[in-house]
Amino acid sequence: MFDQATMEMLLEGVLDTLYMTLISTLFSYVFGMVMGTVLVICRPGGICPRPVVYGVLDVVVNLTRSFPFLILMIAVIPFTRFVVGTTIGNNATVVPLVIAAAPFVARLVESSLLEVDAGVIEAAQSMGASTMQIITKVLLPESTPSLLNGSAIAATTILGYSAMSGAVGGGGLGKLAIMYGYNRYQTDIMFATVILLIIIVQIFQSVGNWATKKSDRRISH
């Protein structure tokens, strides 16, 4: 069994990982929700077609998503230093996590919003609803279950990114796995971090599934 110092170290790693993951997921959804909504309403045949806006944003999202996270994390080091004043630690890791995850979230949001029945949108338009009203009163409420399910997927993806960040100055369980499990050949700590990461993933997914079912009006009664 692990001694008290090791247990405290693992607990700190869990808390750091949760901090990075949850904060990054929050900010990723702030930016990703905006980008995903713009992609839906500005696409050809959308509510407010803007081919140029859609084309530029679509390319930006695709290019950002194509970067491997470790390379992206290194590439944005100057920006990270400008934003948080350092390039190591939990706060520094949040910056590249958001940059990497926001385009992924944008695609999840776009996919969720596109699932909304076109007939419902047309009905809202026929009643004179503005673009903003359609977004806030039709698209987002109708796609809530799918958006919540997507948030669980995004959180688990960001969790994986946060673990990789340990290779280049990030904190959390990834740092422990590399520092002790890889560099010092302490396989017990390596296995412990893997098990903890699996548990966190299962919790995220379970919460996401529960929230999705609770918000789905088709199965809530």
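Biologist: Which residues touch the most other members of the largest nonpolar core?

Modeller: This is a predicted model, where local features need pLDDT of at least 70, side-chain atom pairs count only at pLDDT 80 or more, and totals for chains, interfaces and linings use all residues. Residues are numbered from 1 along each chain as its sequence is written, and side-chain values use heavy atoms, leaving out hydrogens and water. A nonpolar core is a set of buried (under 20% relative accessible area, 1.4 Å probe, protein chains only) Ala, Val, Leu, Ile, Met, Phe, Trp, Tyr and Cys residues joined through side-chain atoms within 4.5 Å. Of the 26 residues in the largest one, those touching the most other members are I121, I134 and L139.

Biologist: Which element gives the largest share of this core?

Modeller: Helices here are DSSP runs (H or I, at least four residues), numbered from the N terminus. Elements giving two or more residues include α1 (4–42), α5 (90–114) and α8 (144–164). The largest share, seven residues, comes from α5.

Biologist: With which residues is I121 in contact, leaving aside its neighbours within four places in sequence?

Modeller: Contact means heavy atoms within 4.5 Å. With those neighbours set aside, the partners of I121 are I47, V116, I134, V138 and L139.

Biologist: Is V168 buried, partly exposed or exposed?

Modeller: V168 lies in the loop between α8 and α9 (172–182). Exposed would need over 50% relative accessible area, and partly exposed is the range between buried and exposed. Because its relative accessibility is 31%, V168 counts as partly exposed.

Biologist: How many helices and strands does the chain have?

Modeller: A strand is a DSSP run of E with at least two residues. The chain has zero strands, and its helices number 10.
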